[in-house]
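Hi everyone, thanks for making time for this.

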Amino acid sequence: MSELLWLIVALPFAGSLLLAMAGKHLPRLAAAIIGVGSVALSAIVMLILGLDFLHGNPAGVPIHQTLWQWINVSGFSPGIAFHLDSVSLTFVFVITFVGALIHLYAAPFMWKDEGFARFFSYMNLFVGFMLLLVLADNFLLLYLGWEGVGLCSYLLIGFWYKDPANGYAARKAFTVTRVGDTAMVIGLFILFTTYHTLNIQDILVATPHTWAPGSTIATTTAFLLLGGAIGKSAQVPLQTWLPDAMAAPSPVSALIHAATMVTAGVYLIARTHVLFELAPVVQSAVAVIGAVTLIVAGMAAIYQHDIKKVLAYSTISQIGYMFVALGVGAWSAALFHFMIHAFFKSLLFLGAGSVIAVLHDEHNMYKMGGLWKKMPVVFWTFLVGACALSALPLITAGFYSKDEIIWQAYASDKGSITLWLTGLAGAFITALYTFRMVFLTFFGKAKAEPAYRQGMGMTLPLVVLAFLSFVGGFIQLPDNMGHVTLFSHFIQQVLPATTPTGTAVIAGLPSGHAAEWIAQLIAAIVSIAGLTLAYRLYYNKPFPAAEPVRNPIQQFFFKGWDFDLLYDKVIVQPIVFFSRIDKNDVIDQFYTGLASVAGLFNKGLAATQNGKLRWYAMALAIGAVITLTILLST
Amino acid sequence: MTIPMQYGLLLAAILFCIGLAGVLVRRDVIFMLMSVEVMLNAAGLAFIVGGAARSSADGQVMFIFILAMAAAEVSVGLALIIQLYQKFKTLDADSASQLNG
């Protein structure tokens with residue numbers, strides 16, 4: 001069974017290739033069948049293989065498959081080879097399964113678009129590269145997938161290329177993530193010069209023996225890899241590209257900018273966890289970055305009026321939670337939240353896409369309202385997603401995944417009371433902006449009429465994802481409630497378990513189960529408090545149907561803490577300034593000189609082509625004489 | 001009596017140079033064509049002299065080839081000259097120096 005592994009990756013690539021070559025000549029239905037079918041088949045192969053892995057392989061022995069050798073240069077021989085263990089299986093599951101649902105939704109969503117086949121060609125290409133990223137057995141192949149998904153993200157953000165703003169957003173996403181990618185490549189260079197291989201498992205086995213914990217080289221490498229993860233996962237300070245990336249069609253936002261690509265950073269850190277454990281400074285930096293991000297993005301989300309921007313900032317904020325979990329060594333909690341987040345956030349994006357589509361491309365929540373009666377399926381599924389996002393206690397999957405992170409931020413040996421409090425504050429903000437969005441969009445006075453009803457193709461994925469956001473949490477329950485550890489047990493085949501602190505973080509506070517109960521109670525109260533505040537402020541209030549008026553402080557948060565302005569002043573403008581005053585430096589002059597020499601040659605040679613027959617004859621005669629002279633004189 | 005080979009080759013070289021000079025200095029296309037004929041015959045003469053010196057028929061065979069080729073060349077050349085004259089009303093080779101037909 002395991003030899004089918006390559007099919008999971010090959011199917012989306014084949015679909016993409018087929019659509020790219022023949023997409024223009026195919027009817028829409030055929031393009032949809034190829035586009036959706038390739039990912040759906042890939043998901044089926046994954047399910048068969050995954051069940052086989054779960055049942056026939058209780059010890060979690062990784063499946064390894066080498067297709068062929070890629071390069072072989074003086075001992076450096078990376079292969080096109082896949083490595084499937086519990087961590088990659090979790091990611092492959094989300095990518096193919098959620099990906100297939102989103103593709104199914106996208107077919108009717110994009111039906112009227114003229115670039116229908118092009119859209120699915122890009123989407124399939126993305127799925128292929130993402131699978132390559134998580135299945136690669138060496139860093140070179142991982143990096144190919146890493147850049148491949150970046151390319152697809154660029155192509156899909158700028159999908160509606162006729163609007164220059166979309167092209168700008170695409171370039172911004174590409175450039176900002178490039179900053180992180182550059183750091184990551186340097187990190188990979190360090191790994192290669194040290195170990196002369198890029199095979200991930202070999203490096204992970206070798207690192208603890210060669211690098212001392214806390215040594216400079218381990219810290220530097222981990223820090224550089226973290227740079228790549230920050231860029232891809234839109235964490236502070238490289239988060240500015242993700243809100244602009246909402247220029248993409250909604251299914252793209254659901255697939256790339258919520259469920260899969262933006263969590264590639266989480267995957268990278270989890271995959272190279274050995275390195276991060278050797279660099280405690282960097283690992284705590286991961287937690288701090290996550291904590292800062294979840295507050296920064298959460299505050300920004302409260303003041304957005306564009307429904308997709310709320311979700312974009314929310315995604316940044318939730319990935320911040322995953323980073324906190326990674327930073328405190330709660331590996332399985334991070335991956336659990338990744339999976340649950342993929343369910344409910346893609347659900348929310350698809351629901352938002354439905355709302356936007358039936359209201360004639362209306363993004364402003366203040367111009368919506370009263371939709372809950374008119375779009376019942378979208379409303380109820382969206383509500384389930386919103387409850388999961390704001391982690392309402394006991395019933396939602398989001399509670400179990402987020403609560404575990406908040407608890408580990410307190411209880412892990414790397415946790416602290418500050419991280420815990422930040423997590424709680426983030427939970428409050430999350431509930432507030434989530435239900436602000438729900439109340440503004442679905443309740444109150446109706447300000448716009450839906451143009452049409454949605455078909456099965458679009459509601460089915462919503463229902464399935466809502467079901468998963470509801471029951472997905474029950475595969476992993478806290479110690480004090482049922483103690484189900486299916487997921488963490490599965491992940492711990494590869495990643496170490498979280499080490500709890502022996503003592504209470506603060507003297508006087510209880511530890512153990514009592515503390516966990518108290519922490520859960522506080523988390524539950526906090527999220528319900530956020531909901532209540534949102535209810536007080538936004539439920540059924542007569543807001544004017546326009547962009548809200550903001551005071552300077554609100555404007556500051558609305559602009560995402562003015563990071564764009566900061567980067568513009570500190571980086572973009574100085575570079576533009578220097579390039580303007582330095583237009584004619586030595587290097588430029590060298591190349592200008594090269595060009596003018598070539599121009600001179602051109603003029604000289606062009607002059608010989610004067611069309612006069614006798615000149616040509618003369619040139620022939622002179623040439624013959626010279627040749628004869630040389631021949632005869634030697 | 002036999003003429004030494006050097007004399008024959010010298011005559012051929014002189015004829016060739018006269019022909020070449022004619023091609024280079026004349027502007028009239030007909031004169032250039034005639035000069036080319038002189039050059040061809042000079043080459044043919046060199047073949048015959050060489051063949052005679054080695055007492056083989058190869059040089060004469062080559063000369064027959066050259067004659068045939070020269071005949072073809074003259075017929076094509078004259079046709080081109082007629083076209084040229086119809087187009088430009090002159091036989092000056094320099095007048096046909098542009099590629100714009």
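Let's start with what covers the buried residues of helix 1 of chain B: the cover includes helix 26 (613-633) of chain A and helix 2 (29-53) of chain B. Keep in mind that this is a predicted model, where local features need pLDDT of at least 70, side-chain atom pairs count only at pLDDT 80 or more, and totals for chains, interfaces and linings use all residues. Residues are numbered from 1 along each chain as its sequence is written, while chains are lettered from A and ligands numbered from 1 in the order in which they are written.

A few terms: helices are DSSP runs of H or I with at least four residues, numbered from the N terminus. A residue is buried if 20 or more other C-beta atoms lie within 10 Å of its own, exposed if 12 or fewer, and partly exposed in between, with C-beta atoms placed from the backbone.

So which residues of helix 1 of chain B are buried? They are Ala12(B), Gly19(B), Leu20(B) and Val23(B).

Now to chain A and helix 17, residues 376-389. Is it largely enclosed or open? Ten of its 14 residues are buried, so the rest of the structure largely encloses helix 17 of chain A. Among the buried ones are Phe379(A), Phe382(A) and Cys387(A). The buried residues of this helix pack against several helices of chain A, including helix 14 (307-327) and helix 20 (456-471). Just after helix 17, Ala391(A) takes a positive phi of about 55°.

Next, where the chains meet. Eight residues from chain A and eight residues from chain B make the contact, and two residues are in contact if their C-beta atoms, placed from the backbone, lie within 7 Å. On the chain A side, four are nonpolar, two polar and two charged. Ala, Val, Leu, Ile, Met, Phe, Trp, Tyr, Cys and Pro count as nonpolar, Asp, Glu, Lys and Arg as charged, and the others, Gly among them, as polar.

Finally, confidence: pLDDT, the predictor's confidence in each residue from 0 to 100, averages 88 in chain A. Over residues 503-508 of chain A, though, pLDDT stays under 50.

Technical notes:
Helices (H or I, at least four residues) and strands (E, at least two) are DSSP runs, numbered from the N terminus. The expected span of a helix is 1.5 Å times one less than its number of residues.
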